[in-house]
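This report describes selected parts of one protein model and its ligand. Please look over the sequence and the structure before reading on.

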Amino acid sequence: MNLKKSEVSWKSPSNIALIKYWGKYDNQIPMNPSISFTLEKCSTITSVKFEKSNEFSYNFFFENKIKPEFIPKLDVFFSRTNEYLPSLSKLKLTINSSNSFPHSSGIASSASAFSSLALCLIEIESMFSDLIDNENFLEKASLISRLGSGSASRSVYGPLSCWGETELYDQSSDQYAIPIKMSNDEFPVFCDTILIVDSGAKKVSSTIGHKLMDDHIFKKERISQSHLNFSKLKKSIDSNDLDSFIEVVENEALTLHALMMTSNPNFILFKPNTINIIDLIVKFREETGTKVCFTLDAGANVHLLYPKNSFEKVQEFIKKSLAQFCHDGEYINDQIGLGPQKN
Ligand code: DP6
């Protein structure tokens, strides 16, 4: 094949789960379905240069610097992807990624990192093979993203994305995420302000946390709770019931951390300031009636979710009451986005 182009580039966002993925089977198959809001600003841009070669090889740069610490995870990823991306076996890749958010923010970037890389790889594969076309491009990109990091499978679609089989959506799959349309036009556009409580690396990785679900005493209960919460969340979105939306989202966040605290061995990822912030968010909601809620991922930072029409009021609250509990007063204002963009 005579290729006109030998470099591809994609920008892909991070996402914040409303129903949490926690626990997985072999080959990145989730124990339960999850659904997330796709973010807009927190994203990774990845570009991949490729040239013909006798065998597959890759070099990886993060912001133009070699990063040996990323290689083990990338090696596992490529060992999982080769059956889906046969054309790569005769290519040498040079991968360069950069994040839109600060390194020091402690934001998990595996979702944006792996989805942007997967989109590049699927575009390259599509240049060599008929297996990928416009119809299945995003589905395949989501599947490849999943093989790098489960939550990355959801970043391929916005504003809502569901990964894992659920009876609520016929098309849902454990292999890849599907886009979820808001059936209710009234449901507000949400903002997500990420309150940076801890900017350091997590003391227990998500990979280890997932593993601890294998023999967790609440494994069965968690799987049924996730399905129940999913159906409550869907109902609340479909009927524009923000109070019930808030109840489910906060229940999922606290369940995630309760599962960590009841794992064997146990671990705690939130910090005193995580709790200080959560307390103030709940108090602010009770006092002002503003439809704010918190969620957490596998770390100490708090995601503050609120409808866009409360932006001014909530920003005032953040500056006055919450910023003091953030590391160096740092927080990132993001909002729900529509998914990846090709560069
Ligand atoms: C708590 O997707 O980071 O953020 O598949 O091992 O890469 P791996 O895990 P990862 O786990 C994310 C867990 C979570 C919840 C979620 O995003 O659904």
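V314 has its place in helix 8, residues 311-322, where helices (H or I, at least four residues) and strands (E, at least two) are DSSP runs numbered from the N terminus. This is a predicted model, in which local features need pLDDT of at least 70 and side-chain atom pairs count only at pLDDT 80 or more, whereas totals for chains, interfaces and linings use all residues. Residues are numbered from 1 along each chain as its sequence is written, and side-chain values use heavy atoms, with hydrogens and water left out.

V314 counts as buried because its relative accessibility is 0%; the term buried stands for under 20% relative accessible area, exposed for over 50%, and partly exposed for what lies in between, with a 1.4 Å probe and protein chains only. Leaving aside neighbours within four places in sequence, V314 is in contact with F284, T290, V292, L304 and Y306, contact being heavy atoms within 4.5 Å. Between V314 and K232 there are 82 residues in sequence and 26 Å in space, C-alpha to C-alpha.

Strand 12 spans residues 302-307, and six of its six residues are buried. In a regular strand the side chains alternate between the two faces of the sheet.

Strand 12 pairs with strand 10 (residues 190-195) in the antiparallel sense over six bridges, pairing being called where DSSP finds at least two bridges between two strands. Within this pairing, I194 stands opposite H303. Strand 11 (residues 293-296) also runs antiparallel to strand 12 and is joined to it by four bridges, with V302 as the bridge partner of L296; a hairpin of five residues connects strand 11 to strand 12.

Strand 8 pairs in the antiparallel sense over four bridges with strand 4 (residues 34-52), where F37 has L160 as its bridge partner. Four bridges, again antiparallel, pair strand 8 with strand 9 (residues 177-180), and here C162 has I178 as its bridge partner.

S153 lies in the loop between helix 3 (137-148) and strand 8, and S153 counts as buried because its relative accessibility is 0%. Apart from neighbours within four places in sequence, S153 is in contact with S142, S145, R146, W163 and A177. A polar atom of the S153 side chain also lies 2.8 Å from the backbone oxygen of G150.

## The ligand

Which residues come nearest to the ligand? Of the 18 residues around it, these are Y21, K24, S149, G150 and S151, a residue being near if one of its heavy atoms lies within 4 Å. The shell divides into five nonpolar, eight polar and five charged residues, and helix 4 (residues 206-211) gives the most to it, with three residues.

Oxygen atoms of the ligand lie 2.7 Å from a backbone N or O atom of G150, 2.6 Å from a side-chain N or O atom of S151 and 3.3 Å from a side-chain N or O atom of Q28. The ligand taken alone exposes 460 Å², of which the protein buries 93%, with accessible areas coming from the Shrake-Rupley method with a 1.4 Å probe.

Note on methods:
Polar contact = N/O pair within 3.5 Å; in protein donor to acceptor, adjacent residues only side chain to side chain. Nonpolar A, V, L, I, M, F, W, Y, C, P; charged D, E, K, R; others polar.
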